[in-house]
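Biologist: I'd like to learn how to read a structure like this one. Could you walk me through it?

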Amino acid sequence: MSEVFFTEEHDYIEVLAANKARVGLTAFAAEQLGDVVHVELPEVDDEFDADEEIATVESVKSVSEVALPFGGKIVAINEELEDAPELVNEDPRGKGWFFEIETSEDIDTSALLAEEPAE
């Protein structure tokens with residue numbers, strides 16, 4: 001069973017293994033953004049440092065960046081979002097996930113929230 005953590009920016013981090021996580025927006029963030037019209041994802045094998053912008057979500061209301069408090073290498077992306085960005089609104093924790101990232105060490109969850117942040 002995986003554990004789910006959150007950032008203050010309303011991203012969710014589903015820890016799939018000690019050094020691997022799936023990332024996306026919370027339902028609250030998806031609702032606040034409005035209709036998502038485009039998601040710019042990284043490429044598989046791209047590497048990122050902590051707090052570096054990894055993905056961008058564009059909606060009818062605004063543009064939002066996704067960054068994590070840890071770095072790593074992208075091991076999978078949700079290619080369905082290219083043709084169906086509305087999945088972020090329809091099923092953020094299911095079919096609307098963004099990418100999976102693998103870290104060189106166990107994921108440090110100390111900078112993450114155990115519950116979704118308050119609105």
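**Reading the pocket, the strands and a lysine**

Modeller: The largest pocket holds about 160 Å³ of space. Before we go on, this is a predicted model, where local features need pLDDT of at least 70 and side-chain atom pairs count only at pLDDT 80 or more, while totals for chains, interfaces and linings use all residues. Residues are numbered from 1 along each chain as its sequence is written, and side-chain values use heavy atoms, with hydrogens and water left out.

Biologist: What is a pocket here, and how is a volume defined?

Modeller: On a 1 Å grid over the protein atoms alone, a pocket is an open set of points where a 1.4 Å probe fits, with protein on both sides within 12 Å along at least five of seven lines; lining residues have an atom within 4 Å of a point. Grid points are joined across faces, edges and corners, and the volume is the space filled by probe spheres set on the points.

Biologist: Which residues line the largest pocket?

Modeller: Among them are H38, V39, E40, I77 and N78. By class, the lining has 5 nonpolar, 2 polar and 4 charged residues; Ala, Val, Leu, Ile, Met, Phe, Trp, Tyr, Cys and Pro count as nonpolar, Asp, Glu, Lys and Arg as charged, and the others, Gly among them, as polar. The largest share, 3 residues, comes from β4.

Biologist: How should I read a label such as β4?

Modeller: Strands (E, at least two residues) and helices (H or I, at least four) are DSSP runs, numbered from the N terminus. Two strands pair if DSSP finds at least two bridges between them. Here, 3 strands form an open antiparallel sheet in the order β4-β6-β7. Its edge strands, β4 (36-40) and β7 (63-67), each pair on one side only.

Biologist: How many bridges join β6 and β7?

Modeller: There are 5 bridges between β6 (residues 53-59) and β7, in the antiparallel sense. E53, for instance, stands opposite A67 in β7.

Biologist: And which strands form a hairpin?

Modeller: β2 and β3 do, with 2 residues between them. They run antiparallel and are joined by 6 bridges; V15 has A21 in β3 as its bridge partner. β3 also runs antiparallel to β9 (residues 99-102), with 4 bridges.

Biologist: Is K61 buried or exposed?

Modeller: Buried means under 20% relative accessible area, exposed over 50%, and partly exposed in between (1.4 Å probe, protein chains only). K61 counts as exposed because its relative accessibility is 60%. K61 sits in the loop between β6 and β7, and an unreviewed UniProt entry places "modified residue: N6-lipoyllysine" there.

Notes
UniProt positions are given in the numbering used here, feature names are shortened, and annotations may be inferred rather than shown by experiment.
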